[in-house]
Structures are given as C-alpha cells and as structure tokens.
Amino acid sequence: MNVLVTGGSGFIGRWVVKKLLDAGYKVCVLDDLTNGRPENIAEFKDNPDFEFVLGDIRDKNLLREVFTDIDICIHAAAAINVQESIDDPQRHYDVNVNGTFNILETARKGDVKIVLIGTCMVYDLTASKAISEEHPLNPKSPYAGSKLAAENLALSYFHAYGLPVVITRPFNTYGPYQKSDMEGGVVSIFIRSLLDGETLKIFGDGTQTRDLLFVEDCAEFIVKAAFIEKAVGEVINGGSGKDIAIKDLAVLVCKDAERIRHIEHHHPQSEIPKLLCDYTKAKEMLGGMPKISLVEGIKLTEKWIENQKYEYELHVEGTR
Ligand SMILES: NC(=O)c1ccc[n+]([C@@H]2O[C@H](COP(=O)([O-])OP(=O)(O)OC[C@H]3O[C@@H](n4cnc5c(N)ncnc54)[C@H](O)[C@@H]3O)[C@@H](O)[C@H]2O)c1
C-alpha cells in the first residue's frame with residue numbers, strides 16, 4: 001500500500017511516517033518545509049520505500065502528480081500557529097481550508113482515503129470535564145476555525161461522494177522533534193529552559209491543565225485510525241485521558257520550585273482553564289491505550305533535546 005503523508009516533515013508527521021515505514025508501507029511525504037525540517041526525516045532518506053516531494057498542498061497540478069498510485073492520504077499539513085492566525089488569518093485560511101479542499105478534490109478523482117489530522121482546539125474549551133466527540137464546538141481562533149472548516153469539508157465528501165474519510169482530533173502532543181522555541185509545546189519549552197539553566201516561566205497561576213499525549217502514541221492513534229475500517233466517517237479524539245496542571249508539569253520537569261517563576265499572562269481572558277480528553281471512543285474503536293507515561297515521555301524528550309543541544313554546540317565549535 002502507498003501512503004501519502006502531507007506535512008510529513010513536521011513534528012507529528014515525521015512520527016506517522018516512521019510508524020508507516022516500520023510497518024512496511026511505501027510512504028511519500030509532501031511538505032513545503034514552511035515549518036517542517038529536513039532533519040526530521042533525514043533518517044528515512046536511504047529507505048527505498050520513502051520518497052520526499054518538496055511542494056505546497058495549494059498546488060493542484062503537483063497534487064495530481066503526487067496522488068498517482070496513492071491508496072491513503074494522511075493529511076497533516078497545516079498552518080498551526082494560533083497567535084499568527086489571529087494576527088493575520090489569510091495564510092491559515094489558504095493552507096488549512098483551500099489546501100484541504102485541493103486534497104479532497106484530488107482524492108475524490110482517484111478514490112483515495114483521507115485521514116485528516118484535526119485538533120481539539122475546535123471544541124468549546126470552557127468545559128470543566130473531559131471532552132468527548134459529542135462536546136459542543138466553538139472555535140475561538142482562525143486556526144481552529146480553519147481546521148474545523150477543513151474537517152467539515154472532508155466529512156461532506158464522505159456524505160456526498162462516499163469518499164472514505166476519517167477525522168482524528170489529537171489533544172496537546174509533545175515529544176522529540178517538537179520545536180522548543182516559543183512556537184513549540186509547553187513540555188519542550190520547559191525542558192529547553194531547564195537545560196539552558198533558565199527559570200521555567202508559567203503564565204498566570206499555573207492551575208490551567210493540559211492533556212499531554214506522547215507523540216509516538218499520537219502517531220499510533222493516527223495510523224490505527226487510518227487502517228481500521230469502522231473508523232471511516234467518524235470523528236475520533238486522541239489524548240491520554242489524564243490532565244496535569246501546568247504548575248505541576250513544571251515541577252515534574254525541573255524538580256526545583258526555586259527555578260519556577262509565574263509571569264503575567266498576555267491574554268488571561270483567552271487562557272484555556274482545563275483541557276482533558278475523553279478517550280473512550282478511540283479506546284473502543286481502535287483498541288490499545290497510550291503506552292508512554294508522562295514521566296517516561298518527559299525523559300525521552302529531554303534526552304532528545306539534550307542531544308540536539310550537544311550537536312548544536314559541536315557544530316558551533318566546529319565553525320570557530
Ligand atoms: N502539535 C500538536 O500538539 C497538535 C495537536 C492537535 C493537532 N495537531 C495537528 O497536527 C498536524 C501536524 O501538526 P504539527 O504539530 O506536527 O505541526 P508542524 O508544523 O510541525 O507540521 C505541519 C507540517 O505541514 C507543513 N506545511 C505547512 N503548510 C504547508 C503547505 N501549504 N503545503 C505543504 N506542507 C505544508 C509544514 O512545513 C510542517 O512540516 C496539524 O494539522 C495540526 O493542526 C497538532
């Protein structure tokens with residue numbers, strides 16, 4: 001089977017690619033590298049089952065070429081920066097809505113199954129309980145709005161044309177290959193501050209919670225959803241089913257309360273107080289549970305970031 005992974009040089013995409021190659025599939029990645037990195041997929045470049053195409057999902061001609069002989073498309077490519085989408089929504093609309101439309105139109109012509117990576121950000125996030133797929137929707141940023149539009153378009157292709165479509169909605173995902181600058185996830189940012197000898201900065205009182213899913217578990221969830229027949233036409237949440245307060249996460253990462261500082265939130269009114277995934281549907285439909293505990297996931301991520309830092313220092317030393 002040939003699988004196309006759009007956005008396969010990005011953080012989650014590269015782990016999806018790895019899972020697919022490990023399982024013996026032929027994988028083609030289409031990525032314009034606007035946020036993905038060649039290093040993320042460097043380990044696959046000599047694998048005869050792997051192909052990389054540099055390009056944009058908004059390029060319809062390129063899509064026609066890339067979709068030749070594809071059985072499944074896992075669509076991870078997206079513009080993902082919430083703040084940037086608020087400051088300038090055009091790119092998020094173009095990539096996430098028009099780009100997904102192009103993917104669906106090309107898939108429709110070749111009857112290619114689409115597995116869309118959505119996001120938990122489409123939900124009403126004022127809830128004080130776990131969020132299931134039945135939870136009300138209320139996208140609060142152009143990022144979330146464009147991702148929901150993409151989902152709705154995809155589901156409309158399932159209903160109108162019978163195109164096999166699966167919608168996955170991962171919650172906060174963390175792990176190796178996630179960026180650790182301010183655009184990265186909270187776990188990577190905390191670990192980076194720890195390794196750089198800086199204080200860990202928490203916005204506000206730190207009682208806000210997140211459901212953190214280790215990226216290999218996230219990739220497994222997405223790949224399972226891609227191959228299990230009964231997932232077709234369904235929306236499925238992916239999370240760990242546990243949430244942790246950011247102030248407790250900071251302690252778990254650095255184990256030294258002295259190194260944690262609370263700072264004023266730029267937009268306290270837009271802070272999400274609780275983010276917890278109800279994972280029941282995924283458990284029942286796809287089987288298996290996330291395997292990596294938060295403690296273990298933090299250790300693996302720390303090891304990876306430390307190694308990156310070491311390689312970077314060697315590189316800088318070599319250029320002196
Ligand atoms: N990281 C998370 O916690 C999280 C949580 C829920 C959902 N998601 C979703 O998962 C998917 C992957 O997110 P990620 O965190 O790996 O982000 P990422 O930015 O690392 O990956 C997205 C990839 O898409 C590529 N891309 C962007 N625009 C493109 C275009 N026009 N054409 C081709 N490629 C393009 C980027 O270069 C990047 O490699 C996204 O759809 C995102 O909405 C992420």
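**Sheet and helix packing in a predicted model**

Seven strands make an open sheet, ordered S3-S2-S1-S4-S5-S6-S11, with parallel pairing. The model is predicted.

User: What makes S3 and S11 the edges of the sheet?

Analyst: Strand S3 (50-54) and strand S11 (235-238) each have a single partner strand, so one side of each is left without a neighbour in the sheet. On average, neighbouring strands are turned by 20° against each other, direction ignored.

User: Why do S5 and S6 count as paired?

Analyst: Pairing requires at least two bridges. Strand S5 (residues 113-117) and strand S6 (residues 165-170) are joined by four bridges, therefore they pair, and they run parallel. Ile117 stands opposite Thr168 in S6.

User: How is the packing of H1 and H8 described?

Analyst: Packed helices are described by the angle between their axes and the distance between the axes. For helix H1 (residues 11-22) and helix H8 (residues 215-227), the angle is about 65° and the axes are 9 Å apart. H1 passes H8 in a right-handed crossing.

User: Which residues of H1 and H8 meet?

Analyst: In H1 they are Phe11, Ile12, Trp15, Val16, Lys19 and Leu20. Their counterparts in H8 are Val215, Glu216, Cys218, Ala219, Glu220, Ile222 and Val223. By class, this contact has ten nonpolar, no polar and three charged residues.

User: What makes Lys19, Glu216 and Glu220 charged residues of this contact?

Analyst: Lys and Glu count as charged. Lys19 in H1 and Glu216 and Glu220 in H8 are among the residues that meet, so they belong to the charged class.

User: Where does H8 lie on the sheet?

Analyst: H8 lies across strand S4 (72-75), S5, S6 and S11. H8 runs at about 165° to S6.

Key. Residues numbered from 1 in each chain as written. Predicted model: local features only at pLDDT ≥ 70, side-chain atom pairs only at ≥ 80, totals over all residues. Axes fitted to C-alpha atoms, helices over the stretch in contact; angles between N-to-C directions. Helix = DSSP H or I, 4+ residues; strand = E, 2+ residues; numbered from the N terminus. Left-handed = near helix turned anticlockwise from the far one by under 90°. Contact = placed C-beta atoms within 7 Å.
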